[in-house]
Amino acid sequence: MKSIIDGLKGKDLITTQQWSVEELKETIKLSREFKRLYYYRGIKGIPRILERKTFIMLFYAPSTRTRSAFETAMTLLGGDAQYIEARMTREAEGEAIKDIAKMYEIFGDAMGIRILDKAIDFIYGRGNKVLREYAKWAEVPVVNMADDMFHPTQAIGDIMTIEEKLVNLENKKYAVMWGYAPVIRGYCSINSEILIATRFGMEVTVAYPRGFELDEKIIETARENSEKSGGSIELLNDYREAIEGAHVVFPRSWCSKKLAELGESSFGERELQIHQKYRDWRLKREDLDLLDSKAIITHVLPVLRGFEADDEVMDSEKSVIYEQAENNLFAKAAVLTLVMGGLL
Ligand code: CP
């Protein structure tokens with residue numbers, strides 16, 4: 001265990017695929033420990049193991065949860081987080097990423113970056129490339145706070161929640177269903193949930209209308225994960241078939257391949273017309289009868305209520321969305337602790 005903790009100090013987290021299953025399990029174990037300590041003793045229960053450490057957070061895109069969770073995590077651990085909006089930096093004037101990374105490596109002990117959606121005109125891969133450029137130059141660990149491909153800390157918090165609820169993940173069916181939305185959404189949470197669930201041995205089904213296929217490389221990686229873990233991945237074009245007997249259902253919109261290739265600025269209006277054809281792709285109260293009797297409904301949030309899923313679903317006894325958000329706080333605290341060497 002010590003060698004796992006040693007090995008994570010200074011390590012980037014751009015996708016969970018970069019971390020071994022053992023490293024991810026150790027992170028979840030630490031998240032649970034933080035949660036337990038917090039429940040027993042409140043903030044006093046959390047050791048100030050990142051005291052005088054600074055996490056620099058660079059946001060190219062908005063956030064309701066992630067920013068707040070990372071800031072609270074640093075407060076709990078006795079350190080500080082700096083919130084920096086990319087638009088308020090000199091980058092727009094042409095400052096090189098290398099120089100920004102080198103400055104923040106002096107001022108901080110780790111860097112977080114969020115870059116997705118409108119910030120990259122929804123063009124798939126563009127944000128991840130920027131993030132990797134920061135990681136290339138920064139000597140401090142770089143944590144992906146969501147780019148257009150991955151949202152690793154979200155996935156860690158979510159698998160922690162699913163495991164808390166289902167106890168044993170093997171042979172449990174995790175259905176990720178495309179949901180209608182009148183807005184454009186990217187792939188990071190979908191990719192990340194599929195990748196982590198297949199590594200933890202779950203039987204993943206993904207349902208989407210034709211034209212909304214996912215990145216083939218991600219699916220290939222998920223297949224390889226499944227071969228190693230004993231899980232599986234199945235792709236379907238019927239959401240009811242996908243959720244039948246499911247133990248976990250995640251209803252979430254994502255954009256078409258075409259939009260991810262051409263960008264919102266040139267394909268956005270046509271994209272939303274295509275979405276209109278699939279308005280019935282919405283998780284409804286009656287759909288819950290198709291699930292396993294102990295099934296849970298998850299969502300990374302924000303959920304588009306009345307579009308991706310009905311209020312009766314998201315507010316039902318099966319919904320664990322607020323527990324996910326809570327676990328995401330502790331998962332982020334664990335990631336920050338490990339990459340900044342807080343346990344050493
Ligand atoms: N789940 C999540 O990343 O939420 P925000 O976009 O609000 O940070």
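**Exercise 1.** At what angle do helix H7 and helix H8 pack, and how far apart are their axes?

*Solution.* This is a predicted model, in which local features need pLDDT of at least 70 and side-chain atom pairs count only at pLDDT 80 or more, while totals for chains, interfaces and linings use all residues. Residues are numbered from 1 along each chain as its sequence is written, and side-chain values use heavy atoms, with hydrogens and water left out.

Begin with the elements: helices (H or I, at least four residues) and strands (E, at least two) are DSSP runs, numbered from the N terminus. Helix H7 covers residues 188–199 and helix H8 residues 216–229, and the two pack at an angle of about 15 degrees with their axes 7 Å apart. That makes H7 roughly parallel to H8, given that angles under 35 degrees count as roughly parallel, over 145 as roughly antiparallel, 65 to 115 as roughly perpendicular and the rest as oblique. The axes behind such angles are lines fitted to C-alpha atoms, for helices over the stretch in contact, and the angles run from 0 to 180 degrees between N-to-C directions.

Next, take the contact (heavy atoms within 4.5 Å): Asn191, Ile194, Leu195, Thr198 and Arg199 of H7 meet Ile218, Thr221, Ala222, Asn225, Ser226 and Ser229 of H8. These residues divide into 4 nonpolar, 6 polar and 1 charged, where Ala, Val, Leu, Ile, Met, Phe, Trp, Tyr, Cys and Pro count as nonpolar, Asp, Glu, Lys and Arg as charged, and the others, Gly among them, as polar.

**Exercise 2.** Describe how H6 packs against H7.

*Solution.* The axes of helix H6 (residues 152–166) and H7 come within 9 Å and cross at roughly 50 degrees, which makes H6 oblique to H7. On the H6 side the contact is made by Pro152, Gln154, Ala155, Ile156, Asp158 and Ile159, and on the H7 side by Ser192, Glu193, Ile196 and Ala197. By class, the residues of this contact divide into 6 nonpolar, 2 polar and 2 charged.

**Exercise 3.** In what order do the 5 strands of the open sheet stand, and where does Val249 lie?

*Solution.* The order is E7-E6-E5-E8-E9, with parallel pairing; two strands pair if DSSP finds at least two bridges between them. Strands E7 (232–236) and E9 (296–297) are the edge strands, each pairing on one side only. Within the sheet, E5 (residues 173–178) and E8 (residues 248–252) pair in the parallel sense over 5 bridges.

Val249 is found in strand E8, and Ala175 stands opposite Val249. At 0% relative accessibility Val249 counts as buried (under 20% relative accessible area, with exposed over 50% and partly exposed in between, using a 1.4 Å probe and protein chains only). Leaving aside residues up to four places away in sequence, Val249 touches Ala175, Met177, Ile243, Leu283, Leu291, Ile296, Ile297 and Thr298.
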